[in-house]
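Please work through the exercises below with the sequence and the coordinates at hand. Each task is followed by a stepwise solution.

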Amino acid sequence: DSAVTLRALREDPDAHAGREVDWQLRFVSLQQADAARTDLNPGEPYLLARDPNGEAGYVYVAVPPSMLGAVRKLVPYQSVRIAGRIRVARSPLMGHPIVDLVRLR
């Protein structure tokens, strides 16, 4: 759902957990979660991305092992469209949403 915005997630995080999103993002980097990122599993790969559908802000996108090869082909600041599912609408530690990657479009 491209209508789910960062603002909506901040205003009512509980209402959006588990919702599907269809977002255009700007890929920043591929990272691996450390133990401090409690909303991600230690060692879990994730995308740091910006500006879902043009709205200023950051998003963390958890990458399943089956999609890691495709994600590794992305270059910084490349625009990428994803289908995902909101794992956490607003991370207590990072303050940003965490989305599980379902598909690169």
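This is a predicted model: local features need pLDDT of at least 70, side-chain atom pairs count only at pLDDT 80 or more; totals for chains, interfaces and linings use all residues.

**Exercise 1.** Determine where Ser29 lies and whether Ser29 is buried or exposed.

Solution. 
- Step 1: Ser29 is located in strand E1, which covers residues 20–32.
- Step 2: The relative accessible area of Ser29 is 16%. Buried means under 20%, and therefore Ser29 is classed as buried.
- Step 3: The side chains of Ser29 and Gln31 form a polar contact of 2.8 Å.
- Step 4: With residues up to four places away in sequence not counted, Ser29 touches Tyr46, Leu47 and Leu48.

**Exercise 2.** Identify the loop that holds Gly57 and list the contacts of Gly57 beyond its neighbours within four places in sequence.

Solution. 
- Step 1: The loop in question runs between strand E2 (45–50) and strand E3 (58–62).
- Step 2: Gly57 has a relative accessible area of 16% and is therefore buried, the limit being under 20%.
- Step 3: Apart from neighbours within four places in sequence, the contacts of Gly57 are Leu6, Ala49, Arg50, Asp51 and Pro52.
- Step 4: Ala70 is 13 residues from Gly57 along the chain, and their C-alpha atoms are 24 Å apart.

**Exercise 3.** Classify the exposure of Leu104 and describe its surroundings.

Solution. 
- Step 1: Leu104 belongs to strand E5 (residues 98–104).
- Step 2: The relative accessibility of Leu104 is 23%.
- Step 3: Setting aside neighbours within four places in sequence, Leu104 contacts Met67, Ala70, Val71, Val80, Arg81 and Ile82.
- Step 4: Thr38 is 66 residues from Leu104 in sequence, with a C-alpha to C-alpha distance of 25 Å.

Conventions: Residues are numbered from 1 along each chain as its sequence is written. Side-chain values use heavy atoms; hydrogens and water are left out. Helices (H or I, at least four residues) and strands (E, at least two) are DSSP runs, numbered from the N terminus. Buried means under 20% relative accessible area, exposed over 50%, partly exposed in between (1.4 Å probe, protein chains only). Contact means heavy atoms within 4.5 Å. A polar contact is a pair of N or O atoms within 3.5 Å; within protein, one must be able to donate a hydrogen and the other to accept it, and residues adjacent in sequence count only if both atoms are side-chain atoms.
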